[in-house]
Amino acid sequence: MLRPIRTLAAAAAALALVSACNSASTNGSSPGKGGDAPGNSRGVSADSVKVGGIVSMTSAGGYSKKDTDLGAKARYLRANAEGGINGRKIDYLGAEDDGQDPAKNLAAARKLVQQDRVFAVAPMSSVTFSGADFLEQEKVPTFGWGTLPSFCGPKHIYGFNGCLVPTPGGTLNQTWPEGIGQILGGAQGKSVAIIANDSDAGKFGIRTFQQGFASAGFKVSYAKASVPATAVPSDWSAYVKEILAANDGKAPDAVVSVMQTPNNIGLFTALKRSGYQGLLSDPTDYDPGLLANAATKQALDGVHVLLQFQPFESTDPKMAQFKADIKAAAGGREIPLNMHMLTGYMSADLFVSIAQKAGKDLTVESFQAAAQGFSDTGTLVGDRSEPKGQKDSFGCGALVQLKNGAYEVSVPFKCYEPIPFK
C-alpha cells in the first residue's frame, strides 16, 4: 500500500522565525475536526495503518532533504514485505514539503491529521517544527531527527537517536567534542570556534555545543549564532575576520559549523582562502551526491563531518541491510547514499519497532504504553531506549572526513558517556 513519493514542489518560501501558532481543536473523530479521544485508532483499519511525513523537500537556499522520504519508504517497504505491523500493511502517504517555512510546517501537520487521518508522522525532518504543539495535542506519534527542542519532552514526539537539544536536567551527547579532541591529539590547550545560523535551531546548537566542547577540555574562543537564516551570505569576510582573531588575536585550532551545506560551502571556502590551516567540521555534509560538483568537493575537502549513526563505510550487517533496502526502494538502482536517507530510514525504523511491540490492538494508548518500556540494542544509532530518548541522546556517533574525493572514517562509531546539561 505504499504510495509513490510525490512530485517536489517548485518553490518554497524563505525560513522565518515565528512562534508555533496552535489553534485549539475539538476532541472527537469526525473528519476535519482533528483530535480523536485518548485511546483512538485514527488511521488504523483491520489491515492497514496510515503514516505520513513532513520533510523540507525544497528551500529558499536550494538545500533539500528530499531523500529523507526515500529512506522512510525503504524501511516501510521492507516492513510490509515482512508482514507489516502485526499483520497490518503500512500505508505510507509520502512526505509533505514544508519548504523550511514554519507556516507550511504547521499546515502540513494539520493536513496529515485532519484530512489524511494518519496514525503517525514518520519522518519529520526540517529546521523548523512549528507543527509540534499541534501534533502533541492531537496525540500523534511523531518521529524525526532530534535536533530541535520539540523532540525533547513531549510525550508523543521521538528522536530516532534521542533528544539532541536537551533542557536543563537532561544530558549532552559528547561525540563531536570527544571525536575532534581525538583528531587533534587531545583537547587541552586547544581552542574551538562555533558558528551557527541566527535561528532557534542555531541558538540551541550554540548553547549545547559550547558547553560540550568546554566540558571536553577545549577553550571555546568564539560561539555565535550570527549567520542569517533566510539567505546564504555572499560575503563571508566579516565572519572569517572575527573567527581568525577569536583566540586572543590568533586563529582557533578548530572551526565547527552548526549550519547546512550552502552555508558551510561559503564559510569553509572563505576560511581556506584566508590561509586557515586548522580543523574544519560540520554535522551535515556527509553526502556523496555533493561530490559531483567540483567547487563543492573542493570546499568540503578535508572537512570532518559529525555522524550520529554508523558510517556507510561500516561493515555492520545492519548497514548492509540498509543499503539493500535503499536499492529496493530506488527500483533496483544503485544510488549515492546520504544522511537524509538514514534520517528517514531510522525514523521509520523506530516507529515500526515500537508499533510491533504495541500488539495487534494498535491505538495511541497501546503505542504509548509500548514506548514507555521500549529498548533494543545494536542498531545503526546504537542502543535505543524510551522514554530516555525523549530527554537524552543515545550518546553514539562517529566522524568521517572528505579526503581526495572520498569519505574516510576519521573517528569510528562509538558510544560516549553523556554529560549533564546545565
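Are phenylalanine 312 and phenylalanine 322 buried or exposed?

1. Phenylalanine 312 and phenylalanine 322 are both buried, where buried means under 20% relative accessible area, exposed over 50% and partly exposed in between (1.4 Å probe, protein chains only).

2. This is a predicted model, in which local features need pLDDT of at least 70, side-chain atom pairs count only at pLDDT 80 or more, and totals for chains, interfaces and linings use all residues. Residues are numbered from 1 along each chain as its sequence is written, and side-chain values use heavy atoms, with hydrogens and water left out.

3. Rings of Phe, Tyr and Trp (its six-membered ring) pair if their centres lie within 6.5 Å; planes under 30 degrees apart count as stacked, over 60 as edge-to-face and the rest as tilted. The count by this rule is 20 aromatic pairs. The pair of phenylalanine 143 and tyrosine 158 is stacked, because the ring centres are 4.9 Å apart and the planes lie at 10°. This pair links distant parts of the chain, with phenylalanine 143 in strand 4 and tyrosine 158 in strand 5, 15 residues apart. Helices (H or I, at least four residues) and strands (E, at least two) are DSSP runs, numbered from the N terminus. Both phenylalanine 143 and tyrosine 158 are buried.

4. The rings of phenylalanine 312 and phenylalanine 322 are likewise stacked, because their centres are 5.8 Å apart and their planes at 5°. Ring pairs join Phe312 and Phe322 with Tyr286, Phe309, Tyr345 and Tyr407 in a cluster.

5. In helix 11 (residues 364-372), the buried residues are Val364, Ser366, Phe367, Gln368, Ala370 and Ala371. They pack against strand 4 (142-144), strand 5 (157-159) and helix 10 (339-358), contact meaning heavy atoms within 4.5 Å.
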